[in-house]
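Look at the whole chain before turning to its parts.

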Amino acid sequence: MTPRTGASAPRAVDAFAKVNLHLHVTGRRADGYHTLDSLVVFADAADRVAVAPDAALSLALSGPFAAGLAGEADNLVLRAARALAAAHGIASAARITLDKHLPVASGIGGGSADAAAVLRALAVLWGVAVPDAVALSLGADVPVCLAGSACVMRGIGEELRPAPALPPCGLLLVNPGVALPTAEVFAARMGGFSAAAALPAGWADAAAMARDLRDLGNDLEVPAIRLRPVVAEVLAALRGTGALLARMSGSGATCFGLYPDAIAAATAARALPAGWWWHAGQLRGSGDGAAIRGGGP
C-alpha cells in the first residue's frame with residue numbers, strides 16, 4: 001500500500017543527545033539482554049533529520065560527523081523507516097536527510113535519537129502511529145529518545161517512568177574522538193549487578209542533584225576505560241574544571257560534567273585539550289541559556 005503523505009509533515013526534527021546521569025546494570029534475562037536502571041535526560045546538542053515524500057526510500061548525509069556513517073548501507077535511520085512501514089503494511093518511500101552533528105558510537109544515543117526523530121517525522125508524513133514494539137526493536141535507547149523528555153528508564157528500555165523534577169543545570173559534553181561500540185563494552189564488563197536507584201521527587205539546585213548522583217554510578221564506566229583509557233583522561237579533565245559531577249554517559253566514550261549553569265559549563269570548556277569534541281549548554285527544560293559547540297570536526 002502507498003502511504004498517505006500528510007501536508008503538515010515537519011520539514012525537520014531535532015534529534016537531541018541523551019545523557020545517562022546514572023546507569024546501573026540490574027540483571028540479565030534468559031535471552032541475554034541486560035536490564036538497566038537509568039536517569040535519562042537530554043542535552044541541547046542535536047542532529048537534525050528531515051523527511052520528504054519520494055518514490056523510494058533514500059538517505060542523504062551531511063554535517064561534521066557524516067563520514068562516520070557513510071559506509072553503512074543499512075544504518076539505524078533506514079532500519080527505523082523500514083520497520084515503521086512494515087508495521088503498517090505500507091511502502092517505505094521517503095527522502096530522508098540526516099545532518100550529523102553528534103559523534104558516532106559515543107554513548108549519547110546519536111543513532112537512537114536519529115532513529116526516534118525519523119520515526120516521529122515519518123509518522124506524520126505517512127499518517128500513521130509509531131507502535132511501541134517498533135521503537136524497542138531498534139534498540140534500548142530508542143523508546144526514551146522517542147519520548148523526548150527526561151525519564152527513569154528500566155528493563156531493556158521499555159519501562160519509562162517520570163523523572164524527578166530537574167533543577168537549572170549547566171552541562172558540558174566531551175568526546176575524545178574515539179568510537180566505543182556498546183556491544184564491546186558489555187562484553188568487557190565483569191562483576192555482579194547493581195540495585196535500581198531510589199531517587200527523590202526533585203532537587204532544589206544543580207549542586208543538590210550532583211550530591212545525590214555521586215552516590216550512584218555508571219556500571220559501564222570501568223569496562224569502557226579498560227577498552228579506551230582516554231575516557232579516564234576525559235573524566236580527569238572534567239573534574240579539573242570544578243564540575244559538580246563528572247561521569248561517562250551510556251557506554252561511552254562521551255563524558256559529561258554538571259555545572260551550576262550554562263555559563264559555567266562554557267567557561268569549563270575553555271580548559272579542555274585541543275582536538276576533543278565538546279558541547280557546552282544545559283539540560284533541556286532546565287532553564288534559559290545559549291549552547292556553544294566546539295572542538296572536533
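Among contacts in the protein chain between residues at least 6 apart in sequence, 73% join residues at least 24 apart. This is a predicted model, and its protein chain has nine helices and 11 strands. Of the 297 residues, 50% are buried.

Now take two helices that pack together. Two packed helices are described by the angle between their axes and the distance between the axes. For helix α1 (residues 76-88) and helix α2 (residues 110-126), the axes come within 8 Å and cross at roughly 35 degrees. The crossing of α1 and α2 is right-handed. On the α1 side, the residues that take part are L76, V77, A80, A81, L84 and A85. They meet G111, S112, D114, A115, V118, L119, L122, A123 and W126 in α2. Sorted by class, this contact has 12 nonpolar, two polar and one charged residues.

Next comes helix α8, which covers residues 230-240. Which residues of α8 are buried? They are V230, V231, V234, L235 and L238. Seen down the axis of α8, these buried residues fall within an arc of 150 degrees, so they line one face of the helix. The spacing can be understood from helix geometry: an α-helix has 3.6 residues a turn, so residues three or four places apart point the same way. After α8 comes G242, whose phi is positive, near 85 degrees.

P103 lies in the loop between β4 (94-99) and α2. Is P103 buried or exposed? Its relative accessible area is 5%, and because buried means under 20%, P103 counts as buried. Leaving aside residues up to four places away in sequence, P103 touches F65, I108, N175 and W277. P103 and A12 are 91 residues apart in sequence, and their C-alpha atoms are 20 Å apart in space.

Methods
Residues are numbered from 1 along each chain as its sequence is written. This is a predicted model: local features need pLDDT of at least 70, side-chain atom pairs count only at pLDDT 80 or more; totals for chains, interfaces and linings use all residues. Side-chain values use heavy atoms; hydrogens and water are left out. Buried means under 20% relative accessible area, exposed over 50%, partly exposed in between (1.4 Å probe, protein chains only). Helices (H or I, at least four residues) and strands (E, at least two) are DSSP runs, numbered from the N terminus. The arc is that of the directions from the helix axis to the C-beta atoms. Axes are lines fitted to C-alpha atoms, for helices over the stretch in contact, and angles run from 0 to 180 degrees between N-to-C directions. A crossing is left-handed if the near helix is turned anticlockwise from the far one by less than a right angle, and right-handed if clockwise. Contact means heavy atoms within 4.5 Å. Ala, Val, Leu, Ile, Met, Phe, Trp, Tyr, Cys and Pro count as nonpolar, Asp, Glu, Lys and Arg as charged, and the others, Gly among them, as polar.
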